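Keep the structure in view while reading.

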Amino acid sequence: MKKVALFLFLLYSKGLIAQSETNTCKTLSKINALVKEFHYKPKPINDSLSVYVFNNFIKALDSKNDLFLEDEINSLKKFKYKLDDNIIHSNCSFLNEFYIAYQKAVNRHTTIIETLKKESFPLSSPEIIRSYKTPTPYLKTEADLKKLNKKRMLFDVLTEIAQSSSNKDSLIAVFPSISGNIKQKIFDDYTCEATKYNLTSQEFHNIFFTVYCSYFDPHTEFFSTNQKSDFLSSVSSDNYTLGLIVSIKEKNDISIDEILPGGPAYFSEKIEVGDQIIKIKSKQEEYLVNCYNFEKIEKILSSNEYKNVSVTLKKKSGEIYTTNLSKQVMRDYQNSVYSYVLERDNQKTGYIKIPSFYSTLENGKTNVSDDVSKEIAKLKEDKITGLIIDLENNGGGSMEEAVMLCGLFINTPYLAQVVTKTNQKEIIGNQKPKNSYSGPIIILINGFSASASEFFANVMQDYNLALIVGTKSLGKATMQEIVPLKDEKDQFLKVTIGEFYRVTGKTNQYNGITPDIIIPGLFDDQMPKESAYPTALKNDKIESIIDTNRFPMNEKQKQAILEYTQKSKTNTEFQKNIRLKTTFNQFFKAAVIIPLQFNVIFNKSIAFSKHWKEIEAFVKTEYPFIVNNTSNDANKILTNDYLKSINSTQIKNLKNNFRVFESVKIMANLK
């Protein structure tokens, strides 16, 4: 009877595997059909696809090269140049071999962590650990993996201890008493993290689909309603809230992503973006931040059930502090356009912040172009003589709104060009030119300025209606459409269907927009760039549709660029910015060899903390210019406490913004 049951089970298992392989091949076939039909520049299914998908699928499964062994990877390499053939011939059995190898690697990793927890674990070692920019080579044996994990765990324990105080002597004195708890916390994190490697067959296949789609370009993506999403704790601002938005970062840290003006966290006057939550306490329940407690911590942060919360946090400088917060109901905070009048040397410069290109068609309450038009009207009433439009960190949104925004400043008929799959060129015309403002304009951009932001900045730069100031933009000039897979209700493909070109025939795709005046930021090199993606569409050029000689830079613009370039060489704050940026980059770029000794790790932690405090001081520098509300807004804000708190934050951020201050100085040469 047992033999019969086993035989039936094996038949059933093989049937499931065969069915899974068939479904996988069907999905890939549907993806290929949509790519062929809709993609702007579809690539052939050949050996190049095989190599890319093989390498990046392994990377997606094992990003640190600490799961698989070298011989396991070598065994899978038989598929490296054959994935395309298998997919074309509807043979997806290779994924089953990948899945079996992956499960074996995950089980081994879990066993290694559990074994290390039971063994002797001295808190010092004569060995070293290396940090690399790229993953280490695959190791040969299980013993090598065990040794690597033990060194990493020891490094994390010693780092956690080192960062708990800036006083080395006091730490050495209490080392025996605190090391046990910290060691247990690190062990628990490793155990919990190991459980995250467990993937169902469907989750495993979805990762493959995602990697497969990225071969065609970085923005062609597979979507499934059943995909597992990353942990993200955000607070609904129409319920009781602490006024915090947090997310899980590397090593299971909970980091403050945003502080809502007017909320409890805002009024604590201590919590800052980037601070790390270490511990949370409410109703006599206390939870250290670790992988096991995420669910409970999320509930305390977001549930109306927990109204009084004690939060212990750590700053990047290493300082640890605790603050008691009481949740409150907040009005909905709208991330929308706002404006100010900036005054320096008796000159009034208007400032408009555009955080995103929202529209009523995309569930917004207003359109960004209408809101900008209203802010311009307010600023003109206050007799501004120049305008700064801030697009920093604006990732885009509605392209229709970008076109409408251009119409507020541009009277010419042509804005841009778009090329689609059929190689047909379409001209994007100026829909409703209004000429709302015709004075000197500066547009601020950085590495997070993308898509619709780049479209608007491109047009303004092409017609020399604005000086572009800041650092290079992201470099995304492609457009996408979401299409359901054939006969599927919960599977979709976001596919790239075209590319935007400037009226000059150039495109910022891949390269980004080069500012007329470059003012570097401290974290420029940590910002993403389109060119970092190996499958990003390369930059090219088509025929111009305007005579660029008809729209030259005026003499004041030329003089402003020349004068700022010369003065920046002796500008103390400008040069300090460059120095801090260079030092900061060294912490992230250089490969480091670190002895696993507390003294060494503590000294490195102090060095980083010292540099970070210097960065914080620079970021908090208050620059000598005046920030005023428009006359239209001033009375409204005075009578509304919530608006007062938002206003206070925005003014403070502007006064601390080096690039805004420098733009005000540049504007003096444009008037």
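Helices here are DSSP runs of at least four residues, numbered from the N terminus. The model is predicted.

## Residue I45

I45 lies in the loop that links α1 (2-38) to α2 (47-61). I45 has a relative accessible area of 24%, so I45 is partly exposed.

Apart from neighbours within four places in sequence, the contacts of I45 are N32, D84, I88, Y212 and F216. Y321 is 276 residues away from I45 along the chain, and the C-alpha atoms of the two are 56 Å apart.

## Helices α2 and α5

The axes of α2 and α5 (residues 94-118) come within 12 Å of each other and cross at roughly 30°. Angles under 35 degrees count as roughly parallel, so α2 is roughly parallel to α5. The crossing of α2 and α5 is right-handed.

On the α2 side, F54, F57, I58 and L61 make the contact; on the α5 side, L95, F98 and Y102 do. By class, this contact of α2 with α5 has 7 nonpolar residues, with no polar and no charged ones.

## Strand β15 and its partners

β15 (residues 414-420) is mostly covered, with 6 of its 7 residues buried. β15 runs antiparallel to β16 (residues 425-429), and 5 bridges join them. In this pairing V418 stands opposite E426. The two strands β15 and β16 form a hairpin with 4 residues between them. In the turn, N423 has a positive phi of about 70°.

β15 also pairs with β20 (residues 491-502), in the antiparallel sense and over 5 bridges. Here V419 stands opposite E499.

Definitions and conventions. Residues are numbered from 1 along each chain as its sequence is written. This is a predicted model: local features need pLDDT of at least 70, side-chain atom pairs count only at pLDDT 80 or more; totals for chains, interfaces and linings use all residues. Side-chain values use heavy atoms; hydrogens and water are left out. Buried means under 20% relative accessible area, exposed over 50%, partly exposed in between (1.4 Å probe, protein chains only). Contact means heavy atoms within 4.5 Å. Axes are lines fitted to C-alpha atoms, for helices over the stretch in contact, and angles run from 0 to 180 degrees between N-to-C directions. Angles under 35 degrees count as roughly parallel, over 145 as roughly antiparallel, 65 to 115 as roughly perpendicular and the rest as oblique. A crossing is left-handed if the near helix is turned anticlockwise from the far one by less than a right angle, and right-handed if clockwise. Ala, Val, Leu, Ile, Met, Phe, Trp, Tyr, Cys and Pro count as nonpolar, Asp, Glu, Lys and Arg as charged, and the others, Gly among them, as polar. Two strands pair if DSSP finds at least two bridges between them.
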